[in-house]
Amino acid sequence: MAVERGEKGKEWVLQHELALQAFRSGLLGKTTLLRGDIDTIIKKGKDSFGKRVIFPFDVVSLDYSGGLFYRGKTGDFERLRAVETLIARQGNKKASFVLFISCNLDQLDPGEIQKTIGNMKTELTRYGFEADEIINAYLKHPREEARLKIYLPYFVNHLGARYHYNCETENVIFYEGNRKVHMLAFRFYLSFDARTEALRSPRERLSQVLNKSLIEVVGGRPNETLLGLPKLSPPEQRGKST
Amino acid sequence: MVQPAEESFAYGSVLKALSRGLYPDKRHIIREFVQNSYDGLYELRKTHPRELLRPVEVKVEPPSIFITDFGIGMPERKMREYRYLGYSEKNPAEHAGFRGIGKYSGLAVAEKIIVDSSPYGIPKRYSVVIHVGDMIDALDANNNIPLEELLKQFTELNEGSESSDEHYTFVELHTIRKDGKALFEKDVLKHYLTRTAPIPFNPEFKFAAEIERKLAENIPDYLAVELSFNGEKIYKPHLPRCREPEYETVLYQDDKPDILAFSWYCQNEEKGQFDPKENSGLVYRVKNIAVGDGQLTRRTLWHSTPERAFYFFGEIHVLDPQVIPSSDRTDFEDVEARRRLYQRSVRIASILSHKAGEESARRRFQEVVTRGNEVLSERGRELVSGTLPLELKDQVVFEVQKFQEDVQNRLEKSKDERAKNRAQRFLSRSRKFLSGIRKDGRGFFNLQKALKFDRKLRLLYDTIIEILKDEFLHEPGRLEHIVRRIHDAIKAKGSR
């Protein structure tokens, strides 16, 4: 399924273009075109012409032309709610899938990010980590990519756990796109695991997310980097007495 | 005579009338675009015979319908002309669509007609948009907008770049209107296209390859294009329980070799008409696209025994370029060439009717012999078991004689050696049977003797039986039933 919103008033132009590209690639017969806003489509389960979305999917790519923290008319973070709805709908079908999310750094919500990173600190502390230094490093880092690097995986992991998914996060990719726009690309593999009805904590540890490097793509070349951020040491390595 | 400046002679409302009146059946609109795709592929094959012909695709994707092909594509000039009404340089002898109005058929159903085309070998993509909805709104406000103005204002042509390796035409009937919603019934549209589009036979049809070969040999430029409907390849329908195909050529004149039409047909393997009937009958095709259905050939060629038209299925491919399908392809234009086609093709109906008659006779012959043998066996068993009443002797003799006579008549007309041998065996067996029972009535059950009737009782009984025989002269079954009941009743009373 491919989704195209199009430009307001001329939606058909880009929607037609998408169908044409599918045709040129020999994929027209296999492609279902959904017309409208992706977040609304995920939420309602149908497009602006009433065509139903048939779950589940093996791969979902949410290629947002904007930031993650876009607020809708209700004041909610529409895109994040859409990601949650997507995971819930997939979970209803008990289907494992790969999730790609790409976005830029527009419409960031510092309050939301800070609160969530604060929650991470609480969690780390609860598990015996000395979290102050690392959390402060993320909060004060000059690049927003650093904070999003942990925000979204944390968000997806917790959502996934709520709907019986184990989540594996790949290294976050960041690069400069068209018109020097800062872009991020996230990749998750959510595998469905309903061995228990009771929900459990995310299998992927927060420490793993924190310690995973990013991949910066410059001139077409990928470079692993932690952007100068510290790694989290396990509690036993700091010589804590038991 | 003074003429006003910029006088117009054609007005926009003609578009409405054309698009609505031409295609009361909306499915024909899709066929029009498929025809255009066919023409694009035909041209590609003609000019670049080594190029692979990829399937035409029809995709029903509400709110739109797409009809696409990787044919020769259209250069700028043709795309410019695409916006013209009634303009066409297509040759009716070569192309399936040639009137230049088919493309506007989309007016009847869509809000926009969007066409992208990239011509072979040219690194360009041209795009035409016909803003139908806006056109209609304008016409609703003012019926008398000059046609020229309407077409100029509500159509656009754009150009972009494309790889020179690409060649295609991509049509979107965008946002199908309410009165065209029937086109979203995918099964119905798919069914229609399988019966009309110029597509190949199903590979599962055991005679597909042979028929395709014969058509290619006998029809110049014969072309079947693959068509994918919502991702699934579709094929011409066939009826699996059929005999080997046969072929007939229709000539313009008996003494000249020029072929007016070429036909193939398969007869039903079973008795009578094909069941279901809907894919049976012969269908006319021009450029491998159906004209009408099996009912059209039945109406135009079968002047007697029309039911026999459906003992067969097949096609009549019309090669005469003067025979032109009507706009909606439900018939041919009413011209002299049509009359000649129908007149010369009546021969096919005669041949098929004769074959059907022969087949019926052959089956009936088989049935009669089989039934005759069954009767002999049944009566033989009854004689052996002593359960065949003597009162029925005349009737049994008459019954067997009737079978003999029927079989003898059919034997004389039959050309089937196996059937004749079987009939001969039956006749021999029946003669032995009759000779056996005529001698002394051996085997029949004589109730009077069994119950030792005296002379008066025999007289009474014989009289009653005579009256019953007379009464049920034409109902031998009832007579037999009554006699058996009498026997059973008397035996039952006697045993108490």
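So, B:R478: this residue is partly exposed, with a relative accessible area of 47%. Keep in mind that we're looking at a predicted model. The side chain of B:R478 meets that of B:E475 in a salt bridge, at 3.9 Å from N to O. And B:E475 is partly exposed too, at 36%.

Staying in chain B, have a look at B:E374 and B:R371. Their side chains form a salt bridge as well, 3.1 Å from N to O. How far apart are B:E374 and B:R371 in helix 9? They sit three residues apart in that helix, which runs over residues 336-385 of chain B, so about one helical turn separates them. B:E374 has a relative accessible area of 40%, which makes it partly exposed, and B:R371 is partly exposed at 37%. There's also a network of salt bridges in chain B, linking B:R379, B:E382, B:E399, B:E480 and B:R484.

Over to chain A for another pair. A:D132 and A:K121 meet through their side chains in a salt bridge of 3.0 Å, N to O. A:D132 counts as partly exposed at 42% relative accessibility, and A:K121 does at 29%. Over all chains, the structure holds 54 salt bridges.

How many of those run between chain A and chain B? Five. One example is A:R24 with B:E162, at 2.6 Å from N to O. On the chain A side, helix 1 (11-24) and strand 2 (33-35) each supply at least two residues, and helix 1 gives the most, with eight. That side divides into seven nonpolar, six polar and four charged residues. In total, the contact takes 17 residues from chain A and 27 from chain B. Together the two chains bury about 1,800 Å², 62% of it on carbon and sulfur atoms.

Last stop, the inside. The largest nonpolar core has 57 residues, and among those with the most contacts inside it are A:L62, A:L152 and A:F188. Helix 6 of chain A, residues 144-162, gives the largest share of this core, nine residues. What does A:F188 touch, leaving aside its neighbours within four places in sequence? Its contacts include A:F97, A:L99, A:I101, A:L152 and A:V156. Then there's a second, separate core of 51 residues, with B:A110, B:V128, B:L147 and B:L150 among them.

Definitions and conventions: Residues numbered from 1 in each chain as written. Chains lettered and ligands numbered in written order. Predicted model: local features only at pLDDT ≥ 70, side-chain atom pairs only at ≥ 80, totals over all residues. Heavy atoms only, no water. Core = buried A, V, L, I, M, F, W, Y, C linked by side-chain atoms within 4.5 Å. Buried < 20%, exposed > 50% of the residue type's maximum accessible area, 1.4 Å probe, protein only. Helix = DSSP H or I, 4+ residues; strand = E, 2+ residues; numbered from the N terminus. Contact = heavy atoms within 4.5 Å. Buried area = accessible area lost by both parts, 1.4 Å probe. Salt bridge = Lys/Arg side-chain N within 4 Å of Asp/Glu carboxyl O. Nonpolar A, V, L, I, M, F, W, Y, C, P; charged D, E, K, R; others polar.
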